[in-house]
Amino acid sequence: MTTLQYLGISVRFIIVLCSAQHSEQPETRQVKGIVGTFFYFPERVLTSGNLLYGDLGNIAQVYPGKQSNTNLEKRFKNRLHWNNVTGVFTLSDLQIDDSGVYTVENGDAEEKMRHTFQLTVYYVLSKPQVTVHDNISCSVVCSVENGREVTLSWYKGGEILNQTSSPDHITLSIPLKLDEQNRDSYRCEAANPVSKETAVVPHSCIERDPSKVKDGDERTRGSLIIAVICVLVASGLVGLAIYLKRRNGHSHAGI
């Protein structure tokens, strides 16, 4: 075997070895959390292992004999726990800045296993507010407090009319001028990956919708018109009776 052939085989071996190592790298799983709640890391450590966080490194350790230390990092003190029955790490009272990359190292088997999670923590959205700027034309503005990955949308039935999102604003808002018909079919929706809230058009706009005049209102109008006509006719009859009476009185006086 020549030197050149030997080098070729060595290079191919190194490429295969590197490819195998690359394929064994743990896949990062995307997971979500909500501010103020718990997050359970979905990988168990029963006898020994660690939990790592970003650049901080090791933030919790599990030792043989079902012993653990989960207060290695001050920011997680009394919030990070390990259950010696289920083997699950739990992070409580989640905060926005708890977002990041966590790695569960499991030493239960002969070969240490690593499971990586990208945790993103979100706020539960507040209900959006719809403000009427002009009752006659029903011009409205929908607004909501902004946050991570928040979108604000106007819908008419199932059709989306307008949508906005921006990481640069404290408050998101969308103006809209409603059609004269079917104003109660509009809704404003705020959403992020963990929650959704909806607001409807205020009644001050809906009540001015010509298509929402009820049959009872029409009957009331008809009754009023009839009543007015009856009053006019009655007044006319009374006036005619008085005229005829006076006329008859004059006639008798002449005789």
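**Note on the predicted model: aromatic pairs, sheet, hairpin and disulfide**

1. Over the whole structure, a search returns 7 aromatic pairs. One of them brings together Tyr53 and Phe76: the ring centres are 5.4 Å apart and the planes stand at 85°, so this pair is classed as edge-to-face. Tyr53 belongs to strand 3 (residues 49-53), whereas Phe76 sits in the loop between strand 5 and strand 6 (80-82); the two residues are 23 residues apart, and the pair thus links distant parts of the chain. It should be kept in mind throughout that this is a predicted model.

2. Both partners of that pair are buried. Tyr53 has a relative accessible area of 9%, and because buried means under 20%, Tyr53 falls in that class. For Phe76 the relative accessible area is 1%, which likewise makes Phe76 buried.

3. Tyr53 also forms an aromatic pair with Tyr102, and here the geometry is tilted, with 4.5 Å centre to centre and 40° between the planes. This pair, too, links distant parts of the chain, since Tyr53 is in strand 3 and Tyr102 in strand 8, 49 residues apart. Tyr102 is buried, its relative accessible area being 0%. Tyr53, Phe76 and Tyr102 are members of one aromatic cluster, which also includes Phe39, Phe41 and Phe117.

4. Turning to the strands, the chain contains 16 strands and 3 helices. An open sheet is formed by 6 strands in the order 1-9-8-3-4-5, with mixed pairing. Its edge strands are strand 1 (28-34) and strand 5 (67-69), each of which pairs on one side only. On average, and with direction ignored, neighbouring strands of this sheet are turned by 20° against each other.

5. At one end of that order, strand 4 (residues 57-63) pairs with strand 5 in the antiparallel sense, over 3 bridges. Within this pairing, Tyr63 of the chain stands opposite Gln67 in strand 5.

6. The loop between strand 7 (88-91) and strand 8 (100-106) holds Ser92. Is Ser92 buried or exposed? With a relative accessibility of 10%, Ser92 counts as buried. Which residues does Ser92 contact once its neighbours within four places in sequence are left aside? The contacts of Ser92 are Thr37, Phe38, Asn78, Arg79 and His81.

7. Strand 12 (residues 151-156) and strand 13 (residues 159-164) are joined by 5 bridges and pair in the antiparallel sense. Ser153 has Gln163 of strand 13 opposite. The hairpin made by strand 12 and strand 13 has 2 residues between the strands, and in this hairpin Gly157 adopts a positive phi near 65°.

8. A charged side chain is placed against an aromatic ring at Tyr155: Arg187 lies over the face of the Tyr155 ring, at 4.3 Å from the ring centre.

9. The search of the whole structure for disulfides finds 1. This disulfide joins Cys142 to Cys188, with an S to S distance of 1.9 Å. The link of Cys142 and Cys188 is left-handed, with -90° about the S-S bond. Cys142 lies in strand 11 (residues 139-145) and Cys188 in strand 15 (residues 186-192), so the pair ties together parts that are 46 residues apart in sequence. A disulfide is a covalent bond between the sulfur atoms of two cysteines. Cys142 counts as buried at 0% relative accessibility, and Cys188 also counts as buried, at 0%.

10. Strand 11, which carries Cys142, pairs with strand 14 in the antiparallel sense over 7 bridges. In this pairing Ser139 stands opposite Lys177 in strand 14.

11. Two totals describe the chain as a whole. Buried residues account for 29% of the 255 residues in the chain. Of the contacts between residues at least 6 apart in sequence, 55% join residues at least 24 apart.

Key: Residues numbered from 1 in each chain as written. Predicted model: local features only at pLDDT ≥ 70, side-chain atom pairs only at ≥ 80, totals over all residues. Heavy atoms only, no water. Helix = DSSP H or I, 4+ residues; strand = E, 2+ residues; numbered from the N terminus. Buried < 20%, exposed > 50% of the residue type's maximum accessible area, 1.4 Å probe, protein only. Contact = heavy atoms within 4.5 Å. Pairing = 2+ DSSP bridges. Axes fitted to C-alpha atoms, helices over the stretch in contact; angles between N-to-C directions. Phe/Tyr/Trp six-rings, centres within 6.5 Å; stacked < 30°, edge-to-face > 60°. Lys NZ or Arg CZ within 6 Å of the ring centre and 35° of its normal. Disulfide = S-S within 2.5 Å.
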